[in-house]
Amino acid sequence: FVDFFLPLIGIERTRLDEGKSANEKAAEKFARLYNTLYGNLKVKDPESINSLNTTISRVLFCFYIDGNGLMKSGSMHHLLNNYSDDSGSDLKDLLEKIFEVFVKENREDLPSHLTTLPELKNSLFSCTVDVPEFDKPTRKILLEISEFNWSALNPDILGSLIQSVAL
């Protein structure tokens, strides 16, 4: 209650998270997603970990292009929120379809909700990857990430985030 009046006497109340940059917030959210998905892996062999790393890099790239004009802003949030079950059980399949669409040349047979995604000539999406299983908590984290203002992210920091996940 007292905090409400502090600005009236010239004292600013600060919160620790207000000082964090957009880059730090993005990194923290992705670290949380990565750590949760890693913890959920049934087998932690090199192939599974590589698939997880590639999936995280792809998702990060998707949000970046969503926030920077390469697709309609908010497309990823719309797809994740409206075309996956609350349980997260079908998110693996949805992400695999999204990743496939980015490199698909023939788009005649696409479901209408995927037709707005751009065709990318990007090696990040050139191979098939076994996307890890998602659940309700990991879906929630992914939706939180999708609500982030990706246009505020520094491209150099984005590159560092992708490299830190190690393709």
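Me: What should I know about the model and the numbering?
Reply: The model is predicted, so local features need pLDDT of at least 70 and side-chain atom pairs count only at pLDDT 80 or more, while totals for chains, interfaces and linings use all residues. Residues are numbered from 1 along each chain as its sequence is written, and side-chain values use heavy atoms, with hydrogens and water left out.

Me: How many aromatic pairs does a search of the whole structure find?
Reply: Eight. Rings of Phe, Tyr and Trp (its six-membered ring) pair if their centres lie within 6.5 Å; planes under 30 degrees apart are stacked, over 60 edge-to-face, and the rest tilted.

Me: Which kind of pair do F30 and W150 make?
Reply: Edge-to-face, because the planes of F30 and W150 are at 75°, with the ring centres 5.8 Å apart.

Me: Where are F30 and W150 in the chain?
Reply: F30 is in helix α1 (residues 22-40) and W150 in the loop between α5 (136-146) and α6 (155-165), so the pair links parts 120 residues apart. Helices are DSSP runs (H or I, at least four residues), numbered from the N terminus.

Me: Buried or exposed, F30 and W150?
Reply: Both F30 and W150 are buried, meaning under 20% relative accessible area with a 1.4 Å probe, protein chains only.

Me: And what about F61 and F125?
Reply: That pair is tilted, at 5.8 Å centre to centre and 55° between the planes. F61 lies in helix α2 (residues 46-67), and F125 lies in the loop between α4 (91-102) and α5. F61 is buried at 17% relative accessible area, and F125 is buried at 3%.

Me: Which residues do ring pairs link into a cluster?
Reply: F30, F63, F148 and W150.

Me: Switching to helices. How do the axes of α3 and α4 cross?
Reply: The axes of α3 (residues 75-82) and α4 come within 10 Å and cross at roughly 145°. Axes are lines fitted to C-alpha atoms over the stretch in contact, and angles run from 0 to 180 degrees between N-to-C directions.

Me: Which residues make the contact?
Reply: M76, L79 and L80 of α3 meet L91, L94, L95 and I98 of α4, where contact means heavy atoms within 4.5 Å.

Me: Last one, F134. Where is the place of F134?
Reply: F134 is in the loop between α4 and α5, and F134 counts as buried at 6% relative accessibility. Among the residues F134 touches are L33, L37, L91, L95 and L142.

Key:
Helices (H or I, at least four residues) and strands (E, at least two) are DSSP runs, numbered from the N terminus. Buried means under 20% relative accessible area, exposed over 50%, partly exposed in between (1.4 Å probe, protein chains only). Lists of a residue's contacts leave out its neighbours within four places in sequence.
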